[in-house]
Amino acid sequence: MADTQKLSDLPDHSDLPNLSGILTVEEWLATGRAIAAMQEPSGALPWFPGGQTDPWDHIESAMALSATGLIAEAEAAYEWSRRTQREDGSWPIRLVVGEVTDANTDSNFCAYIAVGVWHHYLITGDVRFLEKMWPMVSSAIDLVAEFQAPGGEFYWGATYPLPAQTGAHEGMYHTALITGNASIHQALGCAILIGNELGRPVGDWESALLALGHALRSHPELFEPKPEYSMDWYYPVLGGAVRGRAGQELIAVRWDDFVVTDLGIRCVDHRPWVTGAETCELVLALDALGDTADATLLLGDMQHLRDPDGSYWTGLVFADGKRWPVEKSCWTSAAVVLAADALSRTTAASGIFRDAHQVAERIEVAGQAGCGCATA
């Protein structure tokens, strides 16, 4: 069992004012311990004790464990993913205390394993871990690649098991979602980085990444619009598909629809409900655009959701001042840890979201693949 990271092992950030009065190192580590306290003996990281586990939020929580020095607990989470991966490379959408309650497949849920594995490697530098996890990552990303439509977008899910193939994408739900696709964009980049580090071929993934980025930037008609959800607003920035001036303009155009002064951001634009995880993901997106001032303010604004034990409540209905849902979710705490890490530059993985655009840019510059202008 690896030792928990000691305070003395962390960099001295007393000269960085951006987290002053928001989170101390001790509070940040306490949030990591609160996440670990929710971990099941199997290594699964559910939404909350006794609640559901999904493959995406499980990985986000594992990333927070790695960031706060809980290496053994993080690796137990990745071992859970390795053990529960199905033969086709997928995971069930939802499990509750080890029992599958939704056996179908979500392409984004499956892809995110690459982000977590690369994040853990950046922190630990453990090549043996990377090699051990490679078959799982490779199998998952190969499966996800099958969900890519001719326009470059990825269909969101499929029945499990897939029926005998009688045609392209048989058994898949022919709908592409902006949030999931933006997350897959980052996952493909991380999978390519893992393959490059291990000297494994990744050419097909490179062309898939470029086609997806092009679709997200230039072909909104390929995606089912969900403009009421804040995630569809900022995820193209968070996942690295949209950056620079275009990213700044994208964030600016709906800022007033979602941001609630002193509280965080709305999950849904027409509801008086702010949520901690979405607020922290926007923090990460703003940091990736270089807007650390607004990012820092938002991280401070959502601290009203912090519980004395270091965990975080999911959200607040500000119209009546009630927490809703009445749960302290593992993934909300994880989003806080990752946002604070990004702003403070504490770990070697603190730039994983800032750098999410770099793989595609390097491929384009090197001329190794081209995306063209695909149409639906």
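Helices H2 and H5 are roughly parallel to each other, because their axes cross at an angle under 35 degrees. The axes of H2 (residues 55–67) and H5 (residues 113–124) come within 9 Å and cross at roughly 5°. Axes here are lines fitted to C-alpha atoms over the stretch in contact, with angles from 0 to 180 degrees between N-to-C directions. Helices (H or I, at least four residues) and strands (E, at least two) are DSSP runs, numbered from the N terminus.

The model is predicted: local features need pLDDT of at least 70 and side-chain atom pairs count only at pLDDT 80 or more, while totals for chains, interfaces and linings use all residues. Residues are numbered from 1 along each chain as its sequence is written, and side-chain values use heavy atoms, with hydrogens and water left out.

On the H2 side, the contact (heavy atoms within 4.5 Å) is made by Ile59, Met63, Ser66 and Ala67, and H5 contributes Ile113, Val115, Gly116, His119, His120 and Ile123. By class, this contact of H2 with H5 has six nonpolar, four polar and no charged residues. Ala, Val, Leu, Ile, Met, Phe, Trp, Tyr, Cys and Pro count as nonpolar, Asp, Glu, Lys and Arg as charged, and the others, Gly among them, as polar.

An open sheet is formed by three strands in the order S4-S5-S6, with antiparallel pairing. Strands pair if DSSP finds at least two bridges between them. S4 (105–106) and S6 (172–173) are the edge strands, each pairing on one side only. S5 (residues 157–158) is joined to S6 over two bridges, and Gly157 has Tyr173 of S6 as its bridge partner.

The structure also holds two cavities of 30 Å³ or more. A cavity is a set of points on a 1 Å grid over the protein atoms alone where a 1.4 Å probe fits but cannot get out, and lining residues have an atom within 4 Å of a point. A volume is the space filled by probe spheres set on the points.

| Cavity | Volume | Lining residues by class |
|---|---|---|
| Largest | About 70 Å³ | seven nonpolar, three polar, two charged |

H2, H7 (178–198), H9 (230–238) and H12 (276–288) each supply at least two residues of the lining of the largest cavity. That lining includes Trp56, Glu60, Ser183, Gln186, Tyr235, Leu238, Glu281 and Leu284. The second largest cavity is lined by Pro55, Ile59, Ser81, Trp91, Phe109 and Ile113. Ile59 and Ile113 are also among the residues that make the contact between H2 and H5.

Note on methods
Angles under 35 degrees count as roughly parallel, over 145 as roughly antiparallel, 65 to 115 as roughly perpendicular and the rest as oblique. On a 1 Å grid over the protein atoms alone, a cavity is a set of points where a 1.4 Å probe fits but cannot get out, and a pocket is an open set with protein on both sides within 12 Å along at least five of seven lines; lining residues have an atom within 4 Å of a point.
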